[in-house]
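Here is a short report on the fold, the sheet and some of the side-chain packing. Keep the structure open while you read.

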Amino acid sequence: MYIVIMGGGKVGAYLASVMLSSENEVALIEQSAENADLLSVAYEGQFLVINGDGCDSRFQEDAGIRRADVFVSATGQDDTNLVGCEIAQRVFNVPRVIARVNNPKNLRIFREVGIECVSSTTLIANLIEEEALLGSVSVVSSLTHGNVSLSEFTVGRMKHHSEDEGVAIADIEMPDGALIVAVAYEDDAEVARPEMLLYPGDQVIVVADIDVLDEVRAAFRAL
């Protein structure tokens, strides 16, 4: 994917490194010339650092916004992030725009104009990568200001259980801070029960702390 990130502070810089480590292409727009110079030698992979104002369409265009799959505004100012996303979405028709929201009270404003918004850096990375980054996990939404996620896991091929007999939810060793809450089918969903059997291809909804998502994924892979 080609990802344009506005804001090269701690959040934007970290997000760029995560995306590059997953072999994505990244363009980073940073307003501070000093920070831009530092960032230009900080990464490896296919990246571009632009010194400029990400709310200016000229700098977004310099960053290759017209071919971007995702635009992320990650500055420490919510109003700046909103403007940057609006330009990327309405002027350049970027398929997906995601904003960092620093004040949870502003989440409603972003959502009302159709902009995905999160307050967790880790969750932003998960949202961008989805299946590519998390394998069989896709983050559905964030709760409690981004510290908890409602995630959907696809049960894969089983190595230690019979695929014909399935595995009971009660027998899946979930980490502390994670709970299976529902199982989704093509046209329906059921609240999870301990005795419910899961089979390859089933979609499982899990509420979990962001910090234990890797452990949840490992639990499903160990089936």
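Two strands pair if DSSP finds at least two bridges between them. Helices (H or I, at least four residues) and strands (E, at least two) are DSSP runs, numbered from the N terminus.

The model is predicted: local features need pLDDT of at least 70, side-chain atom pairs count only at pLDDT 80 or more, and totals for chains, interfaces and linings use all residues. Residues are numbered from 1 along each chain as its sequence is written, and side-chain values use heavy atoms, with hydrogens and water left out.

## Overview

The chain has eight helices and 13 strands. Of its 223 residues, 47% count as buried. Buried means under 20% relative accessible area, exposed over 50%, and partly exposed in between (1.4 Å probe, protein chains only). Contact means heavy atoms within 4.5 Å. Among the contacts in the chain with a separation of 6 or more, 59% are between residues 24 or more positions apart.

## The sheet

Six strands form an open sheet. Their order is β3-β2-β1-β4-β5-β6, and the pairing is parallel. β3 (47–51) and β6 (116–118) stand at the edges with a single partner strand each, so one side of each lacks a neighbour in the sheet. From one strand to the next, the twist averages 20°. Axes are lines fitted to C-alpha atoms, for helices over the stretch in contact, and angles run from 0 to 180 degrees between N-to-C directions.

| Strands | Bridges | Facing residues |
|---|---|---|
| β2 and β3 | five | I29 and I50 |
| β1 and β2 | five | I3 and V26 |
| β1 and β4 | four | V4 and F71 |
| β4 and β5 | four | V70 and R96 |

Which residues of β1 are buried on each side? Y2, V4 and M6 are buried on one side, and I3 and I5 on the other. Five of the five residues of β1 are buried, so the strand is largely enclosed by the rest of the structure. β4 is also covered on both faces. V70 and V72 are buried on one side of β4, F71 and S73 on the other. In a regular strand the side chains alternate between the two faces of the sheet.

## Helices against the sheet

β1, helix α1 (residues 10–21) and β2 make a right-handed β-α-β unit. β4, α4 and β5 make a right-handed unit of this kind too. A crossover is right-handed if, with the strands pointing away from the viewer, the path from the first strand over the helix to the second runs clockwise.

Helix α4 (residues 78–91) lies across β1 (2–6), β4 (70–73) and β5 (96–100). α4 runs at about 175° to β5.

Q60 is found in helix α3 (residues 57–62). Q60 counts as buried, at 0% relative accessibility. Leaving out residues up to four places away in sequence, Q60 touches I29, G54, I65, F71, G84, I87, A88 and F92.

## Helix α8

The buried residues of helix α8 (residues 213–221) are L213, V216, R217, A219 and F220. They cover an arc of only 155° around the axis, which puts them on the same side of α8. The arc is that of the directions from the helix axis to the C-beta atoms. D214 and R221, on the other side of α8, are exposed. An α-helix has 3.6 residues a turn, so residues three or four places apart point the same way.

## Aromatic pairs

Rings of Phe, Tyr and Trp (its six-membered ring) pair if their centres lie within 6.5 Å; planes under 30 degrees apart count as stacked, over 60 as edge-to-face and the rest as tilted. By this rule the count comes to two aromatic pairs.

Y43 and F47 are edge-to-face, at 5.5 Å centre to centre and 75° between the planes. Y43 counts as buried, at 14% relative accessibility. F47 is partly exposed, with a relative accessible area of 25%.

F153 and F220 are stacked, at 5.1 Å centre to centre and 20° between the planes. F153 lies in strand β8 (residues 148–154) and F220 in helix α8, so this pair ties together parts that are 67 residues apart in sequence. F153 counts as buried at 1% relative accessibility, and F220 counts as buried at 6%.
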